[in-house]
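Subject: Structure for your review

Dear colleague,

Please find below the sequence and structure that I am handing over to you. My notes on what was found follow directly after.

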Amino acid sequence: MSQVWTHIPILAPEIAALLLTNPVGVYVDGTLGLGGHTKFFLDRLAPQARIFGFDKDEEALAMAKERVADARLTAVHASYTQAGEILRQNGFDGADGALFDLGLSSYQLDNPARGFSLLRDGPLDMRFDLSASLTAESIVNEWGLADLERIITQYGEDRNAHAIAMGIMAARRQGPIKTTFALKNIVEQIVRGRGKIHPATQTFQALRIAVNDELGSVERVINSLQSIIKPGGRAAVLTFHSLEDRLVKLRFKEMAAGGAWKLVNKHVIAPSYQEVRANSRSRSAKLRVIERL
Ligand SMILES: C[S@@+](CC[C@H](N)C(=O)[O-])C[C@H]1O[C@@H](n2cnc3c(N)ncnc32)[C@H](O)[C@@H]1O
């Protein structure tokens with residue numbers, strides 16, 4: 001039997017309550033994934049509503065289309081940074097709401113072939129978009145010491161970045177580093193684990209962010225929200241680590257100070273104790289919502 005992949009949508013009722021202000025509206029799900037949020041939203045929207053769902057991952061899109069199975073969904077293989085342009089190509093000048101559920105889905109993390117998890121041996125891939133050329137393997141084997149150290153410092157916030165980058169350079173002189181376990185073993189030999197976090201966790205996070213230009217995409221989409229959201233519409237962003245959350249918090253604050261937007265929630269919204277117990281992957285989630293005036 002083939003594997004059935006799952007991803008539990010996080011804070012779905014809270015997001016639906018804040019985002020779905022128009023039952024017949026047009027919405028953007030910038031990170032369709034397996035379609036969990038979109039399905040939840042469509043169950044609460046009128047037959048005339050539309051959702052444009054974006055994902056860089058064609059495997060996820062195919063699963064989402066099958067699972068959501070609803071003519072109100074238009075699934076698009078593109079980055080959410082293209083949402084404004086694609087809305088206009090489809091005759092809409094903006095959306096009533098947009099969700100960006102950042103990072104990766106449980107499907108991507110749990111599938112060893114995608115190379116995201118240090119708990120599963122697989123190729124060092126980490127691409128959301130399998131048609132993109134940059135992989136974690138190419139970064140680890142081809143980038144110079146300074147760039148490796150920079151991404152592990154900036155995107156992994158790992159104070160052992162220099163030692164890890166040196167370790168990678170030394171290991172690859174023996175032959176190419178091709179698998180998640182090979183990289184994990186290299187880091188384990190350099191850094192001792194701290195508490196519950198595996199010593200390679202931050203290196204893996206850094207590579208994933210670099211491979212997919214994750215922070216650059218978040219920054220670009222926030223800077224272009226004006227072209228995605230109609231006046232009166234809202235954008236919701238779910239973040240999963242402090243780098244993303246800091247970026248969203250700061251930009252939303254600047255937008256609100258500019259007078260054209262207002263913060264819907266002054267304080268960040270986090271999953272309840274019950275949600276974290278039921279779905280441990282929700283534990284670091286933070287939700288911020290902004291409204292265009
Ligand atoms: C956390 S998952 C979304 C899960 C989804 N909300 C659900 O309930 O099933 C994030 C998804 O966003 C996709 N993604 C990440 N960056 C993207 C980008 N710049 N443009 C489009 N999709 C992106 C990933 O491929 C992944 O499938």
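In the classification used here, Ala, Val, Leu, Ile, Met, Phe, Trp, Tyr, Cys and Pro count as nonpolar, and Asp, Glu, Lys and Arg as charged, while the others, Gly among them, count as polar. On that basis, the shell around the ligand comprises 11 polar, seven nonpolar and four charged residues. Please bear in mind that this is a predicted model.

The ligand site

The residues around the ligand number 22, and those that come nearest are Pro-9, Thr-31, Gly-33, Gly-36 and Phe-128. Two or more residues of this shell are given by each of the elements α2 (36–42) and β2 (50–55).

Domains

The protein chain is divided into two parts: domain 1 covers 12–107 + 214–292, and domain 2 covers 133–211. Taken over C-alpha atoms, the centres of domain 1 and domain 2 are separated by 31 Å.

Helix packing

Two packed helices are described by the angle between their axes and the distance between the axes. Both values are given below for two pairs.

For helix α7 (residues 145–154) and α8, the axes cross at roughly 135 degrees and come within 8 Å. On the α7 side the contact involves Leu-145, Leu-148, Glu-149, Ile-152 and Thr-153, which meet residues of α8 including His-162, Ile-164, Met-166 and Met-169. By class, the contact of α7 with α8 has nine nonpolar residues, two polar and one charged.

Helix α8 (residues 161–172) also packs with helix α9 (residues 180–190), at an angle of about 125 degrees and with the axes 9 Å apart. The helices α8 and α9 are therefore oblique to each other, and their crossing is right-handed. Here Ala-163, Ile-164, Gly-167, Ile-168 and Ala-171 of α8 meet Ile-186, Val-187, Gln-189 and Ile-190 of α9. The contact of α8 with α9 has seven nonpolar and two polar residues, with no charged residues.

Yours sincerely

Conventions:
Residues are numbered from 1 along each chain as its sequence is written. This is a predicted model: local features need pLDDT of at least 70, side-chain atom pairs count only at pLDDT 80 or more; totals for chains, interfaces and linings use all residues. A residue is near a molecule or strand if its C-beta atom, placed from the backbone, lies within 6 Å of it. Helices (H or I, at least four residues) and strands (E, at least two) are DSSP runs, numbered from the N terminus. Axes are lines fitted to C-alpha atoms, for helices over the stretch in contact, and angles run from 0 to 180 degrees between N-to-C directions. Angles under 35 degrees count as roughly parallel, over 145 as roughly antiparallel, 65 to 115 as roughly perpendicular and the rest as oblique. A crossing is left-handed if the near helix is turned anticlockwise from the far one by less than a right angle, and right-handed if clockwise. Two residues are in contact if their C-beta atoms, placed from the backbone, lie within 7 Å. Domain bounds come from an automatic or database domain assignment.
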